[in-house]
Amino acid sequence: MKILGLNAFHGDASAALLSDGQLVVALEEERLNRIKHWAGLPVRAAKACLEGAQPDYIAISRDPKAHLKDKLVRAALRPHRWLNLSSRAANSVRIAQVGDLLAAEGIVSQQTRPVHFVEHHRAHLASAFFASPFEEAAVVSIDGFGDFSSVMWGVGKANQIEVRGSVSFPHSLGIFYTAFTQFLGFPKYGDEYKMMGLSAYGEPRFAEQVRRVVRTEGDQCRLNLDYFTHHSKGVEMTWYGGEPVLGAVFSHRMAEEFGDPRTPRSEIRQKDMDLAASVQLVLEENYFALLNFVQKQTGEAAVCLAGGVALNCVANGMIFERTNFRDVYVQPAAHDAGTSIGAALYVQHQELKVPRCFQMRHVYYGPEYSDSEINRDLEAAGCKYHKLAEEGLIGSTVEAIAQGKIVGWFQGRMEFGPRALGNRSILADPRRKDMKEIL
């Protein structure tokens, strides 16, 4: 049995293939078209996963019908936003038509293409728990928004997940972090890791002010909406055929409270570092408040995490210290790309009731290339190259790094997810104080 999982018409479009219960391929479209965080239908990734085979099922990590009543009520109450909402509606139509679109691209046949629509956060939950080594665990997904929700949590047991709570639009811990990322001059989609890194250089002297922006009570994260625009004016978004663009989500109140926003690519001031440290601290406070609530409600010792906020490795490093969880599994592609895996796993276990037989213990699910293919491409590009035995290759690499040179390291199958983990990596000497600037 083959299940093709897709994250489509959303940032970090990707495809994944389960074959007889095992994940055999997972690939982000950006790795093939070289457009970072590409949003659209992942045609190349899907073709690379299937290699001409036909899937028995197609699973997509969006459900246009999810929370439809809430969406319609909100739209009816805000006629001034209908133009903005029309683009969202068009996006939902594309999702609903994904079977026809895949058939038009020759990826699946016209006859057999059953499509299963999996709510965004249910796909996140599935990507974490069903890929984990745990037979039973609490499961938590936290991100910006997906299918009108920003948080979902529950309990996973064997091949089923019971959802016990969620946070709905317009409140979002992910949007809180994104707003300050934009305010600090990092406007591109996916730039949140930059603010996380910047936080290490500052002191959280603005923490009390930042606490006015967000709070968590029980399992409900609540924004002070005076600081945001996504709920009132809406946010410009592009989700089709290119790099996703997300308009500013913070309001003028942010500048009144914290001064003028930093201009992108301008000098980073100590104030910016301190604000980043304050936001990171407040994120952690809310993150652990939510996790502790879930732990008390479920009584579980293990937790599985997914969603963009689960990529905040600074916070994750404190889970054992700040919560009563004693085992943690973070799906390596916890961001939206990983929902292609989650959608396929959800259909396999939650819907088809297939017993679990897979654990995701590495991320090397992308393509690999033979020596002859590599030689062909090097020669076609006119590159000079030398072929070394492994011992000589390692020695040359060590010597180059010691001399302060930068090494591109390429081996085996490509990683799936946002982090280089040895197979497609840039290597450099971390002892040199100037190495960050050199890179």
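This is a predicted model: local features need pLDDT of at least 70, side-chain atom pairs count only at pLDDT 80 or more; totals for chains, interfaces and linings use all residues.
View 1. Leaving aside neighbours within four places in sequence, threonine 323 is in contact with Phe288, Leu291 and Asn292. For asparagine 292, which lies 31 residues away along the chain, the C-alpha atom is separated from that of threonine 323 by 5.7 Å. A polar atom of the threonine 323 side chain also lies 2.8 Å from the backbone oxygen of isoleucine 319.

**View 2. The contact of helix H7 (residues 173-183) with helix H11 (residues 270-298).** The axes of the two helices come within 11 Å and cross at roughly 180 degrees, which means that H7 is roughly antiparallel to H11. From H7, the residues taking part are Leu173, Phe176, Tyr177, Phe180 and Phe183, and these meet Leu275, Val279, Gln280, Val282, Leu283, Asn286 and Tyr287 in H11. By class, the residues of this contact divide into ten nonpolar and two polar, with no charged residue present.

**View 3. The salt bridge of arginine 62 with aspartate 147.** The closest N and O atoms of this pair are 3.4 Å apart, and both arginine 62 and aspartate 147 are buried. Arginine 62 lies in the loop between strand S4 (57-60) and helix H3 (68-76), whereas aspartate 147 lies in the loop between strand S6 (136-146) and strand S7 (149-157), so the pair ties together parts that are 85 residues apart in sequence.

**View 4. The salt bridge of arginine 253 with aspartate 226.** Here the closest N and O atoms are 3.5 Å apart. Because arginine 253 belongs to helix H10 (residues 252-258) and aspartate 226 to the loop between strand S10 (220-223) and strand S11 (237-238), the pair ties together parts that are 27 residues apart in sequence. Arginine 253 counts as partly exposed at 26% relative accessibility, and aspartate 226 counts as partly exposed at 48%.

**View 5. The salt bridge of arginine 211 with glutamate 208.** The closest N and O atoms are 3.0 Å apart; arginine 211 is partly exposed, with a relative accessible area of 32%, while glutamate 208, at 52% relative accessibility, counts as exposed.

**View 6. A network of salt bridges that links Glu28, Glu30, Arg31 and Lys36.** The structure as a whole holds 20 salt bridges.

Notes:
Residues are numbered from 1 along each chain as its sequence is written. Side-chain values use heavy atoms; hydrogens and water are left out. Axes are lines fitted to C-alpha atoms, for helices over the stretch in contact, and angles run from 0 to 180 degrees between N-to-C directions. Helices (H or I, at least four residues) and strands (E, at least two) are DSSP runs, numbered from the N terminus. Angles under 35 degrees count as roughly parallel, over 145 as roughly antiparallel, 65 to 115 as roughly perpendicular and the rest as oblique. Contact means heavy atoms within 4.5 Å. Ala, Val, Leu, Ile, Met, Phe, Trp, Tyr, Cys and Pro count as nonpolar, Asp, Glu, Lys and Arg as charged, and the others, Gly among them, as polar. A polar contact is a pair of N or O atoms within 3.5 Å; within protein, one must be able to donate a hydrogen and the other to accept it, and residues adjacent in sequence count only if both atoms are side-chain atoms. A salt bridge is a side-chain nitrogen of Lys or Arg within 4 Å of a carboxyl oxygen of Asp or Glu. Buried means under 20% relative accessible area, exposed over 50%, partly exposed in between (1.4 Å probe, protein chains only).
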